[in-house]
Amino acid sequence: MNSPARSPSRPRRRAAEKTLKEVHNAFGGGTKRLRATFTRRAKKVLKRTRDRTPTGTLSKGDNTPTQYKQTPTHKRMVNHSGLIQEDDIVYAEDIEIRILAEARGITRKNIPHDTFRSTFLGPFKHKDERPQLNIQDIKKIGIDNWEQTSFFQRLQKALPKKVLNDLSLSSSFSKTLPGAKRGKEPLSQPDFFLHLETGTSWAHVELAFEHTQSSVQKAPEKFLQWLRSAWNIFYHQPFRRYLYGILFLQPYALITYVDHGCAGYSEPLDFVENSQHTRFLADFLADFIAEPEHRGRDPHVTTHRQDGSIFIEYAGIKWAEATDSLLCYRPCVFGRHLRVTRVQPADSPNDKWVMKDAWEEKPEHQSPPPEEEVLRILVEANVRGLPQLHESCRSTTEGSDNVEASGDNTEVLTSEFPSNCENALAAVMDRTMKVVKSSFVSGRTSKFDPTGVSPGTTGKDLYFRVNGQKKNFNECTDVRRRRARLIISYCQPLKEAMRNAQPKELMRTIRDAMIVYYEAYKRPKHGFLHGDISIENIMVPVEETQLTGGLTHETLRGTLIDWNLCFTADGRASSRSIRSGTPAFMAPSLLEDKPVTRRTLGHDMESFFAVTLWVASLNYDDEIAFQDKPLVKVIIEKKPTIDVANAKVRWFRDAVEFKESIINHFEQPYRKDKHFVKCTRDLRRVLYKRNYDEDTSSSSEGELTNLEETNDDDPMKERLFKDCMAVFDKYLGDEGEQSGSYQLDKIDTRVDLEESEEEI
């Protein structure tokens, strides 16, 4: 006879599981994970708070945690701390959606074993001294009960401590990797993991396992869960190049791989019944254990065990990261994975530089060229006022190996893509891409930047950096990425420099940055438009800054960095969309989903104007008050970009609206400076012309001039740029050779600009 208490409990459990499954299905959770998490404790946690990960700490190197230092400015990521500051919290389900957004078209599934070996396992050398794993024990891993505890015990027997060398095997139910600041266990814990003996934090993980009693049909969902753990590992190991893992789906094993440009999993290994498959799995584990140099960490980065000091060998120089050196960090699984720190040569501690480490796309026939090549062109053309490029940033030697380098200056590439394999996350993407698509800058933008959240992103404010050139998310792509290291002289971020500055200091900084911009456009035989003028890319030289052309911090107040989104002087770019930049500062016409034939100086001048307004509105002491200002609020709210464009047009084309929504929200030093206020009004009038005097006419009349459709003899809007420069000169009281207009005229005539520092 059935127990009377058992019968009524079953419908309640099914209903609860169905409800939770519907929630998790939006994020591709696996069935095993649902059952594992739906406990009395989990229900309380789910009701009280969502999982928070990663933690408030961040690994400085590959194996040493340190306190996370927020970047002073941010761009190309789910955050923009140069704009907004919030708690460093990332929710687990948000990580999954972000991974899906970044992973469109670059994951592969069911890769044939031979292809997987040649594509992803090539670095392993099959050393003679590798451990001899017991084949029968490997088979027994998948025999009998696949309940997690029993399975892990068999895995421990197959991988005993005596064969693991420098590694240890742990499980999420015996050792919890550090989660959020409050110590909660993150949902993105791997089921089992191999880690260095020296610790059990995310910074020590070397290989992550996912395990489920579900069938192999659930491989895409389990792969997504594994990628979520990979996100945490890359977050805490910023120099890691790639990562391996294993998915156990009853009764199979699938080997996984991910780097910053490619990911995939093998065909199922029937390691219990098929002896060849058993050998394949055993060989992989033996090679992984025996060859730590091929587990994915950067061999040219070392961390001092006692004090956590990081040393990077690059271009024949051993660089040491300075204390509290982290300036900017935007981690991700797929994508740029940008990290910027202050460094100095290990043997010359007083020689201060900045190292930018990023994984950039490497399309064929790229135009403009990569950022380091752009800078070399500008330096060779004697463009003045740029932060000096370190002499070690010479040309790299191209290679084609799977994320391997033969020397510290060899170009490092992400893996090639295996041919004739399907997208691994296509089925999961079908359920979630509506959420992601709503966050595009436009249908044709090449860069999305959610400028509303901080280095750890919070729930509903999460936006995603995605490439809009691919509207079909399930279509496979094969663009690889290359690690780009760039070393330039240090400058102070604009936001930091303007904390106690007066309006004239801001305007002189912007004015000088405009001169550098114009010289980079005109001086070389084939110049460049910056393409991403923002609060983070306008910098202020300081005493230690080395600038090109012999200029110093005393003769130049503003300069520009980050040319990776630049355009050729005719406003073209073959490898990316015309629409790119940081949305908070982009011209409204670039945010609208309308044709744009080319980029112009006018677009970047609108960005200079937007930066001016943003800094004038910055409240350094009250973040909440700052976020409540119209200029900021429309950016941090999850709005379609057409709404952002419409808001900007409304503010900028109407004098009354501009006063009420922008000027009235300036901070006191700027609002009280009537000449500064007049200067912003004059700039608005130049940039957003109407066919009447908008300061005296009704806002319901007239039409905004459409600069995109203007067919004149100035397609690049040089006159518009110079008209704005004249407004700056008038406010600053600069005339003759001291004016910015004079500098632009000299650049136009290509007169030798190396006459004297005082002229700038």
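1. **How to read the numbers.** The model is predicted, so to speak of local features a pLDDT of at least 70 is needed, and side-chain atom pairs count only at pLDDT 80 or more, while totals for chains, interfaces and linings use all residues. Residues are numbered from 1 along each chain as its sequence is written, and side-chain values use heavy atoms, with hydrogens and water left out.

2. **The chain overall.** The protein chain has 23 helices and 20 strands; these are DSSP runs numbered from the N terminus, with helices (H or I) of at least four residues and strands (E) of at least two. Of its 760 residues, 62% are buried (under 20% relative accessible area with a 1.4 Å probe, protein chains only; exposed is over 50%, partly exposed in between). Among contacts (heavy atoms within 4.5 Å) between residues at least 6 apart in sequence, 72% join residues at least 24 apart.

3. **H15 against H21.** Helix H15 (residues 601-617) packs on helix H21 (residues 674-687) at about 150 degrees, the axes being 11 Å apart. Axes are lines fitted to C-alpha atoms over the stretch in contact, and angles run from 0 to 180 degrees between N-to-C directions. The pair is therefore roughly antiparallel (over 145 degrees; under 35 is roughly parallel, 65 to 115 roughly perpendicular, the rest oblique). On the H15 side, Met605, Glu606, Phe609, Thr612, Leu613 and Ala616 meet Phe676, Thr680, Leu683, Arg684 and Leu687 of H21. These contact residues divide into seven nonpolar, two polar and two charged (nonpolar: Ala, Val, Leu, Ile, Met, Phe, Trp, Tyr, Cys and Pro; charged: Asp, Glu, Lys and Arg; polar: the others, Gly among them).

4. **H15 against H22.** The axes of H15 and H22 come within 8 Å and cross at roughly 30 degrees, which makes H15 roughly parallel to H22. Leu601, Gly602, Met605 and Phe608 from H15 meet Glu718, Leu720, Phe721, Cys724 and Phe728 from H22. By class, this contact holds seven nonpolar residues, one polar and one charged.

5. **Ser739.** You will find Ser739 in the loop between helix H22 (718-732) and helix H23 (740-749). Ser739 is buried, with a relative accessible area of 7%. Leaving aside residues up to four places away in sequence, Ser739 touches Arg511, Asp729 and Asp734.
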